[in-house]
Amino acid sequence: MGVVMNKRLICALAALSIIAAPAFAEFPKKDIQGVIQWGAGGSTDTVMRSVTPHAEKELGVDIVMTNRTGGVGAIATKFVYAKKADGYTLLMGAENPQMYKTLGLANLDYGDFTPINILARGIPIFVANNDAPFNNMKEFTEYAKANPGMVKVGSTGPGGLTSIVLAMLDSQVKLDLTNIPYNGDGPALTALQSGALDVMPAVLGAAIEHVKAGRMKVIGLVDVKTNDLLPGVSPITEDFPGFSSFLPWGPFFGVFVKNDTPKAAVDKLVAAYHTAAQNPDFIDLMNKRGFSIMNVAGPEAEKFLNTYRSVSSWIVHDAGFSKKSPEEFGIPRP
Amino acid sequence: MEALNYFATSWTSLDLLALTALGTFLGVYIGAIPGLSVTMAVSILISFTFSWDVNNALCLMVGIFMGGVYGGSRTAILLNIPGAPSAIATALDGYPMALKGEAGEAIGLSTVMSVIGGFVGIIVLALAAPVVSEFALKFQPRDYLMLGILGIMLVGSLSGNNLTKGVFAGAFGMLIGTVGLDPLTAEERFTFGVVELWNGINPIAVMIGLFGVSEALTQLHYMNKAAIKQKIDRIIPRWADVKKYLPLSLQTSSIGVIVGALPGTGGDIAALLAYDHAKRVTKNPEVPFGQGAKEGLIAPEAANNAAVGGAYIPMLTLGIPGDAVTAVFLGALFIHGLNPGPLLLTENPQMFWFTVGNLALANIFVLIFGLTGIKLFSKIVECPKGILIPLILLLSVVGAYAINNSIADIWWMLGFGVIGYFMKQYDYQVGPVILGVILSRLMDENWRRSIISERESLPDFFINLLSSPLSLVLFISILLIFISQTPIWARAKAMVFK
């Protein structure tokens, strides 16, 4: 009898230890799902698919990635938010959710998620058609003032990088530009080469190869310091010192889990992606594409996310195309 | 000499040869299943082949691309379900051939013509890539608008015997195409606050519903009709046939290369324009178009495979993708540490010739895998309805889910299946609907872009249209096609040739 009792006790204990014994002591126990906000072949997709295999090695399980596009990333964001906060569903996204509330697109933003890693940040630049009669921001603004409505500028829709950078410029100097929207910077940069556009604010990485080949020229660098990839281009703050209150600013790529994910799982994932983002192949890839590596998590990442949200939300609000005031969500002015 | 060396890389290595063959084989079957797209397969392979050597990874992906574009025709001919939007035009005359028991001949002919089209694309890529890409870059928003108008005039060809019903169906398709976030201002259109509708209704879900499910329902309706016995004695097309249709397939291949090379259009629009071209230049088809004309099968098949080489042209010379699949290829090259862009040709010339050689190899495998197994495939049509109908429905559901891993797409697909069934019952063609869906966004975006860049001035729009040679040519061809279909033209012709 006693023996039986003992056996039962042991079984019960063993069962208990499986259930309670912090399932997360040995996270991960099964494959992880990664949900990418943007489509196959885009920059978010490329970044995630090139860093994740290194993280898989650290974790010892597969991370199965799927693209769930739509609603400027809101579909994927909502999808991951609807899943359990257990660390087995990762959100792989870009900067867009930080604008959802102000633009009235969703009631979620990265405040509802815990950053695992903010991998890298892009640097915005102004590029122009080779035939455009201006070579830097000063000449460009003077030309645009003298020829109201004649300069055709590409954009990627409200809340996109171009709209925010143009709103920043608008806060410094009032220009009458003709805005022509494209679906993403790829098609817009193609249109710039065809002459359908004169100027396009874009992320450095998307334009750098075309610039190197001499198919378009850089007229402005939206950063506080010069960039090794763009010798001879002075940062925009030299002509427009007012920009320094917004900078450094740029689109970013990050991996997230839902808030309230057990700390053990978060720590494990943070450690894995931290090591993965130090892989020389990945660093080389990011440098070539003109992104600056951040590789941050925890408070540092949260601070960056909050600054991004404040700057972008208020600039968009002040330019008059927000649906709701950032104040409603307690987003402080930068 | 060096170029030849690079060209032959994948021909001489056993590994690369096998991977290309495997890719092409898988591609044919992935392409044949509606919803399983080449884009998806290739992007999954990016992570799968991450640690591979770049050449090995590319061989597998190129094979899938080439095989997949061809594979879309299989189900279009056999079941009236295009495997991909670029095979829609193939179904128009391919399926009627299968209904007459000529499925084997149709597949054989489409295979040979696909391969010829594929080679035309590859040859243009190899010899004239820089010239063609500079030409493709010249296209302004207004030129894309005019390509869209050229395409939409196909409603005339797709309407069957009632133009009014065809125009109605086309307009319905264009309406479906406007659902979602406005591509220019991100305002919601017909979304009723539903986030799932922001991206619009997926054209592939519409296509699978209208073609696949409605076909299954229609077959249920005519349950007593016996299955058609397929003649499978002749698979490899007669040399005389190939020779007879060669000029047409060369013409439509050229359409395919150019439209494929344009960064804003792909194989689907190429195939539709090619079908239209075939219909106009063929004076006396042996069988009327829409009832199993071989010309109507050859034209889109040659064009969509030629568009593969076309899509590579801006990608390899300028780093600009010619379609969705080459966009994924660009990502793959980045991941493998190459810098695809305008400098690729000078920095990594081996990449260019390797790709050309590999495409040619994959194209040969298309011929091999395309011509084998036809007998087995043709039997699908002879399947008892009790097996065939559930099979079609199963394929449709899997395909619709696979587009975006979304249950919503399955509902859309089923809904359009029912609509398609009633359309067929009341003698409305479903072709114009899908044409409207595909073209509405192209026309919407580019019309608005071009008028915004003219500061909303219609006179300026026309002045620029008439002063640009490219726009002028497109504009005149639209006018000519339009007028040539009106009674005025017939009367004028009668007067001149009296």
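Start in chain B, where 10 residues of domain 1 are in contact with 10 residues of domain 2 (contact: C-beta atoms, placed from the backbone, within 7 Å). This is a predicted model: local features need pLDDT of at least 70, side-chain atom pairs count only at pLDDT 80 or more, and totals for chains, interfaces and linings use all residues. Residues are numbered from 1 along each chain as its sequence is written, while chains are lettered from A and ligands numbered from 1 in the order in which they are written.

**Chain B**

Stay on the domain 1 side of that contact. Select helix 8 (141-152) and helix 21 (431-453) of chain B: these are the elements that give two or more residues to this side. Helices are DSSP runs of H or I, at least four residues, numbered from the N terminus. Helix 8 of chain B brings the largest share, 5 residues. Now colour this side of domain 1 of chain B by class: 5 residues are nonpolar, 2 polar and 3 charged. Nonpolar means Ala, Val, Leu, Ile, Met, Phe, Trp, Tyr, Cys and Pro; charged means Asp, Glu, Lys and Arg; the others, Gly among them, are polar.

Zoom out. Select 2-453 of chain B for domain 1, then 459-498 for domain 2. Their bounds come from an automatic or database domain assignment. The C-alpha centres of these two domains of chain B lie 30 Å apart.

**Chain A**

Select 27-122 plus 250-329 of chain A for domain 1, and 124-245 for domain 2. Here the C-alpha centres are 26 Å apart. Domain 1 of chain A puts 17 residues into the contact, and domain 2 of chain A puts in 14. Next, pick helix 11 (residues 298-319) of chain A. It supplies 5 residues, the largest share of the domain 1 side. By class, that side of domain 1 of chain A has 9 nonpolar, 6 polar and 2 charged residues.

Methods. Contact = placed C-beta atoms within 7 Å.
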